[in-house]
Amino acid sequence: MRENERVTSATRQPEPPSALAPPRLIATDLDGTLLRDDQSVSPRTVAALAAAEEAGIEVFFVTGRPARWMDVVSEHVHGHGLAICGNGAAVVDLHDGPGAHRFVTVRDLARDNALHVVQLLREAAPGTVYAVEQTYGFHQEPDYPKLHMELPDRLLPAEEILAAEGPAATEPVLKILAYHPELDPDGFLTTARLAVGEHANVTRSSPSALLEISGPGVSKASTLALCCAERGISHEEVVAFGDMPNDVEMLTWAGRSYAMGNAHPDVVAAASGRTVANNDDGVAIVIEQMLAQWL
């Protein structure tokens, strides 16, 4: 998840795909990557995704978004129609359209871990405020700002939201959102990772100091690896695209990976290649080049 801001900009042309084995799966982030800044999917990108599926290449949307925010791509589902949501916390079947998504896999954040993380981060970064993302519900603290495109189900302290007998106890916790109004985003991420340690996985995808906290070992990369293993697809046969720190592990794991022209510096360092910005159809350009090379 990210706010509608650019991180950086670039006009360089995409690097051509390397002469490796043909890809079997494309894994692409959404915001800042596949989607343009106006949240649309360009006609060129729609055509490229359809051509990839027609060529027998699976396409996975791999995003920090919750399942209920996947309406932006639901009409572009081809083939299996699966997406990885919540930074790896859920695998979702998009076939039934907005509001009727089916959870195939859930990798939740245990409530004991979640409560411990909230306590650790309150101590390490005073002033942090929280929201809690569940499979269907969304709850936040009263001081948490309006950063998202929906109203919360409840306004309560995080400790009450996460309580074992609390009002949100019937659904698994997918991730915690932690926001700080003053800290530098990358500095906040470093502070949180040091404070939380092995109790959770901490990343970010917003230009602001907004962190996304999932269960230990849960990431876009680890869930994508599980999905690929189920299909007999190796990491060398995966091509991945991303723009923010929550994409770094996935880009490192994939056999070929591309940082967008608007990507965070850590993403550029992690990827094996680079393409143009999301507003310039960077994902579509690489897919077109791959299909031209291998078909």
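Two strands are taken to pair if DSSP finds at least two bridges between them. Helices (H or I, at least four residues) and strands (E, at least two) are DSSP runs, numbered from the N terminus. The structure described here is a predicted model, in which local features need pLDDT of at least 70 and side-chain atom pairs count only at pLDDT 80 or more, whereas totals for chains, interfaces and linings use all residues. Residues are numbered from 1 along each chain as its sequence is written, and side-chain values use heavy atoms, with hydrogens and water left out.

The protein chain contains ten helices and 14 strands. Its average pLDDT (the predictor's confidence in each residue, from 0 to 100) is 90, and 89% of the residues score at least 70. Over residues 1-12 the pLDDT is below 50, although this stretch has 43 contacts (heavy atoms within 4.5 Å) beyond near neighbours in sequence in the model. Where pLDDT is low, the predicted coordinates should not be read in detail. Of the 295 residues in the protein chain, 57% are buried; buried means under 20% relative accessible area, exposed over 50%, and partly exposed in between (1.4 Å probe, protein chains only). The protein chain exposes about 11600 Å², of which carbon and sulfur atoms supply 53%; this area comes from the Shrake-Rupley method with a 1.4 Å probe, and for residues only the protein chains shown count as cover. Among the contacts in the protein chain with a separation of 6 or more, 61% involve residues 24 or more positions apart.

At the β5 end, strand β4 (residues 90-93) and β5 pair in the antiparallel sense over four bridges, and A90 has V106 in β5 as its bridge partner.

The segment before β1 (25-28) holds P23. With a relative accessibility of 7%, P23 counts as buried. The C-alpha atoms of P23 and E236 lie 7.9 Å apart in space, while the two residues are 213 residues apart in sequence. Apart from its neighbours within four places in sequence, P23 is in contact with I57, E237, V239, R256, M290 and W294.

A further open sheet has six strands in the order β8-β7-β6-β9-β11-β10, again with mixed pairing. Its edge strands are β8 and β10 (201-204), each of which pairs on one side only. Strand β9 pairs with β6 in the antiparallel sense over six bridges, and with strand β11 (residues 210-214), also in the antiparallel sense, over four bridges. Within these pairings, V129 has Y179 in β9 as its bridge partner, L177 has E212 in β11 as its partner, and I176 stands opposite I213 in β11. Helix α4 (residues 111-124) packs on the sheet and touches β6, β9 and β11; the direction of α4 makes about 160 degrees with that of β6. Helix α6 (residues 185-196) lies across β9, β10 and β11, running at about 175 degrees to β10. Strand β9 is mostly covered, with seven of its seven residues buried.

Aromatic pairs were assigned among the rings of Phe, Tyr and Trp (its six-membered ring) with centres within 6.5 Å; planes under 30 degrees apart count as stacked, over 60 as edge-to-face and the rest as tilted. By this rule the count comes to three aromatic pairs. The rings of F103 and Y136 have centres 5.3 Å apart and planes at 75 degrees, so this pair is edge-to-face. Because F103 lies in strand β5 (residues 102-106) and Y136 in the loop between β6 (129-134) and β7 (138-140), the pair ties together parts that are 33 residues apart in sequence. F103, at 18% relative accessibility, counts as buried, whereas Y136, at 55%, counts as exposed. The rings of Y144 and Y179 have centres 6.5 Å apart and planes at 70 degrees, so this pair is edge-to-face. Y144 lies in the loop between β7 and β8 (154-155) and Y179 in strand β9 (residues 173-179), so the pair ties together parts that are 35 residues apart in sequence. Both Y144 and Y179 are buried.

Conventions
Axes fitted to C-alpha atoms, helices over the stretch in contact; angles between N-to-C directions.
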